[in-house]
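Please consult the sequence and the model while reading.

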Amino acid sequence: MDVKQIVAGDLNVGYIDAGPEDGTAVLLLHGWPYDIHSYVDVAPLLTAQGYRVIIPYLRGYGTTHFLSEKTFRNGEQAVLALDVIALLDALEIESPILAGFDWGARTADVVAALWPERCKGLVAVSGYLIGSQEAGKLPLPPAAELQWWYQYYFATDRGRAGYDKYRRDFAKLIWRTASPKWDFDDATFDRSAASFENPDHVDIVIHNYRWRLGLAKGAAEYGALEDQLAEAPDITVPAITLEGDTNGAPHPEPSAYATKFTGRYSHRTIEGGIGHNLPQEAPEAFAKAAIDIDAYQ
């Protein structure tokens, strides 16, 4: 995929821009530890229907890099959403369809909740993922805590050093446990793993997970936004949530978040051994949700 670069906010963002420039824009957001190639089969399905598809590398991935060495390498949820707003402004896109999974779904949720005028419609794998540091401090049942083992590993200096040293091995383990029935090959993994060599990758990942537990501070200028998000605001834009029937990563049950979507809304469980990386494992289902949400207006 042909990666372009554009200055947006604190970043020089690497992104894919495919399809007709005057088509309805669809912004596709990846998660951790994945990259833009999660959408390698989704993008042509959308462009074939006349959509303009934008797929950015998140901060800390691929060719996206900071404009200044002095900028705090912040991974909190609000700043990732502000990256999206900055990118939309730079591309002069007012209100695209936002779609994502993992970090990407959370980021799309935040944009839709705080700036609904910048989101025509939402597709979110695993639904409502907006959180807060206070919520992150609450203990979970042991089985749920076990699924978050890496979050606690990242809370230690040993974990940071381990992720830095073994980031590819770490990512491949997450891929296998989060999508136990996805038979990806080494070439598919290596294509995405190259994006983890970004010099800011480890800093962003570690800060993201430490921030969630209240072990790292966010930036003061985003405090008011985080306060709003801590109230778990409703999402009012049209939305479709998706879940794979074999998602091995921590995720809420659809019934737990359905009431957070107060606009036109539906949920779809995608069957067939589909795991956490839903757009790459079930591209047709993901693309169909993005197309269908366009008709929810």
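## Backbone features in loops

Asp102 lies in the loop between strand E6 (97–100) and helix H3 (103–114); helices (H or I, at least four residues) and strands (E, at least two) are DSSP runs, numbered from the N terminus. The model is a predicted one, in which local features need pLDDT of at least 70 and side-chain atom pairs count only at pLDDT 80 or more, while totals for chains, interfaces and linings use all residues. Residues are numbered from 1 along each chain as its sequence is written, and side-chain values use heavy atoms, with hydrogens and water left out.

Although Asp102 is not a glycine, its phi is positive, at about 55 degrees. Ser126 counts as buried at 3% relative accessibility. A further backbone feature is the cis peptide bond that joins Trp32 and Pro33, with omega about -5 degrees. Pro33 belongs to the loop between strand E3 (25–29) and helix H1 (42–47).

## Helix H10

Helix H10 (residues 201–212) has 12 residues, which at 1.5 Å a residue should span 16 Å; the end C-alpha atoms are 17 Å apart, in agreement. The expected span is 1.5 Å times one less than the number of residues. Because 11 of the 12 residues of H10 are buried, the helix is largely enclosed by the rest of the structure. Among the buried residues are His201, His207, Asn208, Tyr209, Arg210, Trp211 and Arg212. Gly214, with a positive phi near 75 degrees, follows H10.

## Aromatic and charge–ring contacts

The whole structure contains 32 aromatic pairs. Rings of Phe, Tyr and Trp (its six-membered ring) pair if their centres lie within 6.5 Å; planes under 30 degrees apart count as stacked, over 60 as edge-to-face and the rest as tilted. The rings of Trp32 and Tyr209 have centres 5.3 Å apart and planes at 65 degrees, so this pair is edge-to-face. Since Trp32 lies in the loop between E3 and H1 and Tyr209 in helix H10, the pair ties together parts that are 177 residues apart in sequence. Trp32 and Tyr209 are both buried. The rings of Tyr39 and Phe286, with centres 5.6 Å apart and planes at 55 degrees, form a tilted pair. This pair links distant parts of the chain, Tyr39 being in the loop between E3 and H1 and Phe286 in helix H14 (residues 283–294), 247 residues apart. Tyr39 counts as buried at 0% relative accessibility, and Phe286 also counts as buried at 0%.

Ring pairs also link a cluster that includes Trp32, Tyr61, Trp103, Trp148, Trp149 and Tyr209.

## Cavity and pockets

On a 1 Å grid over the protein atoms alone, a cavity is a set of points where a 1.4 Å probe fits but cannot get out, and a pocket is an open set with protein on both sides within 12 Å along at least five of seven lines; lining residues have an atom within 4 Å of a point. Grid points are joined across faces, edges and corners, and a volume is the space filled by probe spheres set on the points. The structure holds 1 cavity of 30 Å³ or more, and the largest cavity has about 100 Å³ of space. Helix H2 (77–91) and strand E2 (11–18) each give two or more residues to its lining, and H2 gives the most, with 4 residues.

The largest pocket has about 1,100 Å³ of space. Of its 46 lining residues, Arg106, Leu129, Trp148, Arg212 and Pro250 lie nearest its centre. The second largest pocket has about 210 Å³ of space, and among its 16 lining residues Gln133, Trp211, Gly223, Glu226 and Asp227 are the closest to its centre. Helix H11 (223–230) gives the most to that lining, with 4 residues.

Key:
Buried < 20%, exposed > 50% of the residue type's maximum accessible area, 1.4 Å probe, protein only.
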